[in-house]
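The tour goes from single residues to the chain as a whole.

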Amino acid sequence: MLLLELVETSEAVASTRSRLAKVAALAGLLRRLEPEEIPTAVGLLSARPRQGRVGVGWAAIAAAKPSPATKARLTVADLDAALDRLLATAGTGSGAERAATLGNLMAAATASEQSFIAGVLLGELRTGALEGVLTDAIARASGQPVEAVRRAAMLSGDLGGTALLALTGTETELDAVGLRVGRPVQPMLAATAASVGAALEATGEASVEYKLDGARIQVHRAADEVSIFTRNLADVTHRLPEVVEVVRGLPLRDVILDGETLALDEEGGPRPFQETMSRFGADAVRETLLHPWFFDVLHIDGRDLLDEPLSTRLEVLEKVAPGHRIPGQVTADPAVAERISREALAAGHEGVVVKAIGSAYAAGRRGSNWVKVKPVHTYDLVVLACEWGSGRRTGLLSNLHLGALDPAGEFGEAGGYVMVGKTFKGLTDELLRWQTERFQELEVRRTAGTVWVEPVTVVEIAIDGVQQSPRYPGGIALRFARVKRYREDKAPADADTIQTLRSLLRP
């Protein structure tokens with residue numbers, strides 16, 4: 001298939017707010033693809049090519065953007081092959097070869113194809129083709145049940161592979177996709193409530209557990225082989241040898257565990273989140289010891305537990321990892337839940353997560369069965385721009401422009417970000433220096449006072465609430481926003497939505 005067909009479909013999807021129209025356009029494209037093109041096309045449409053990030057930034061794209069071709073001749077396979085070459089070309093002296101590969105690719109592309117390729121390379125393609133829409137399109141194109149497609153994608157962690165199976169295989173083959181030890185699954189996510197009582201009202205009897213200020217990990221063990229993945233399914237096994245050692249010591253053969261890891265101080269309290277996350281970087285120094293804490297088990301010695309109630313999964317977890325359970329208690333009593341919340345806060349943790357005791361593990365889904373409660377409203381937002389500081393901050397990028405995700409394009413471009421406020425509060429000197437360097441690397445344009453950046457950086461913001469405001473497209477503005485920390489463990493697609501923030505306006 002010519003790449004132009006995929007680009008034109010992407011543009012058509014971006015131009016409409018109708019989910020039905022998006023699904024119809026994408027389904028039509030999927031039906032026209034050759035089988036070998038399907039995984040590649042799905043990755044490109046979601047700006048998640050199978051090669052991942054290939055190390056090409058704005059500067060390289062700007063330097064390698066010749067006059068566009070007048071006739072479309074690139075195929076989907078051509079772009080896939082070029083991404084392979086860019087990924088494989090590394091090391092001393094590779095700069096010229098990478099520049100040549102990128103230059104040749106761009107020279108063969110039409111104007112619309114050049115823009116599309118740039119969006120794919122930078123991970124910021126804004127087509128409205130979010131994974132949920134693509135999942136529905138795969139189901140329509142294949143005639144497979146949407147729930148079967150969604151479950152296969154969640155359990156395999158591979159939407160492109162799921163699309164290939166759905167379009168070329170049978171419903172039985174699709175239903176056969178299950179957990180595989182060593183292959184990460186998308187984690188179950190929690191909704192938010194303002195109080196423990198409200199959370200318990202939503203869940204009924206629940207396991208009320210400490211919400212640790214750590215990093216989410218999913219740990220797989222097959223015999224002596226242990227693999228550790230982040231919430232974004234990145235493999236960080238080699239960076240966490242102490243967690244590997246703990247899991248190898250458990251009395252079992254095969255297991256998939258869900259939990260958190262964090263650094264503790266001398267008294268057993270949590271160290272700052274940044275100290276934990278420092279261990280996940282490429283240049284991590286192992287001065288900080290990380291401790292694993294588990295709150296769920298998805299598989300044990302050949303037995304899948306996804307569809308078992310939480311009560312059963314907790315019984316299994318208690319048997320295999322009693323010394324590494326996250327503290328908590330099963331209760332239907334709001335007074336008991338409030339006590340656990342106070343204990344968690346007193347121990348230096350963020351709050352609690354209230355989990356319906358009869359709930360299954362809904363991989364990749366955020367629903368009302370898990371509800372997190374934190375005393376201070378904190379939300380994950382995306383940095384859109386940053387203003388130069390004044391006074392003692394002269395020469396440093398200081399005031400952040402903050403955006404919330406707009407999945408459906410209710411207030412702008414589908415899958416884009418809606419500005420909801422600014423803040424310079426909570427920034428330490430260290431963070432100021434870091435973001436000044438980092439945001440200039442991510443720069444897309446600037447004025448005398450502001451640097452606009454690729455919307456790829458997630459920052460956790462504490463607020464006292466929101467207020468109605470005609471200043472921003474979403475109709476709200478943050479109240480008393482301050483920076484808590486940068487979330488390098490989260491992708492922009494994990495940011496909180498404008499709809500979530502707008503819900504705070506309700507009494």
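Is T331 buried or exposed? Select T331 in this predicted model: its relative accessible area is 8%, so T331 is buried, the cut-off being under 20%. T331 belongs to strand β8, which covers residues 328-331.

Now show what surrounds T331. Beyond the neighbours within four places in sequence, its contacts are L200, G204, E205, A206, V208, V336 and A337.

**Helix α16**

With residues up to four places away in sequence set aside, I340 touches V208, Y210, Q329 and V352. I340 sits in helix α16, residues 334-346. Its relative accessibility is 2%, and I340 therefore counts as buried. For a contrast in distance, select G403: the C-alpha atoms of I340 and G403 are 33 Å apart in space, with 63 residues of separation in sequence.

**The loop between β2 and β3**

Which residues does D213 touch? First find D213 in the loop that links β2 (206-211) to β3 (215-222). Not counting residues up to four places away in sequence, D213 touches L262, F273, H349, E350 and R485. D213 has 16% relative accessibility and counts as buried, because the cut-off is under 20%.

**Strand β5**

Next, colour residues 254-263, which form strand β5, and pick out I256 within that strand. I256 has a relative accessible area of 1% and is buried.

- L179, R180 and V181 are among the contacts of I256.
- Q218, V219 and H220 are also among the contacts of I256.
- D296, V297, L298 and H299 are included as well.

The C-alpha atoms of I256 and L164 are separated by 26 Å, and the two residues are 92 apart along the chain.

**The nonpolar cores**

Nonpolar side chains tend to be buried together in soluble globular proteins. Select L6, L44, I61, L79, F116, I117 and L121: in the largest nonpolar core, which has 52 residues, these touch the most other members. Centre the view on I117. Leaving out neighbours within four places in sequence, I117 is in contact with L3, L74, L79, L105, M106 and A109. Another core lies apart from this one; it has 33 residues, including M154, M188, A190 and L262.

**The whole chain**

Clear the selections and switch to a cartoon view. How many helices and strands are there in the chain? There are 18 helices and 19 strands. The C-alpha atoms fill a box of roughly 70 × 65 × 50 Å along the principal axes. The radius of gyration is 23 Å, which agrees with the value near 23 Å for a compact globule of 507 residues.

Of the 507 residues, 53% count as buried. Taking contacts between residues at least 6 apart in sequence, 73% join residues at least 24 apart.

Finish with a surface view. The chain exposes about 21,900 Å², and carbon and sulfur atoms supply 50% of that area. Colouring by charge shows 57 positive and 65 negative side chains, with the centres of the two sets 4 Å apart.

Terms used
Residues are numbered from 1 along each chain as its sequence is written. This is a predicted model: local features need pLDDT of at least 70, side-chain atom pairs count only at pLDDT 80 or more; totals for chains, interfaces and linings use all residues. Side-chain values use heavy atoms; hydrogens and water are left out. A nonpolar core is a set of buried Ala, Val, Leu, Ile, Met, Phe, Trp, Tyr and Cys residues joined through side-chain atoms within 4.5 Å. Buried means under 20% relative accessible area, exposed over 50%, partly exposed in between (1.4 Å probe, protein chains only). Contact means heavy atoms within 4.5 Å. Helices (H or I, at least four residues) and strands (E, at least two) are DSSP runs, numbered from the N terminus. The radius of gyration is taken over C-alpha atoms; the globule rule is 2.2 Å times the number of residues to the power 0.38. Accessible areas come from the Shrake-Rupley method with a 1.4 Å probe; for residues, only the protein chains shown count as cover. Lys and Arg count as positive and Asp and Glu as negative; His and the chain ends are not counted. The place of a charge is taken as NZ of Lys, CZ of Arg, CG of Asp or CD of Glu.
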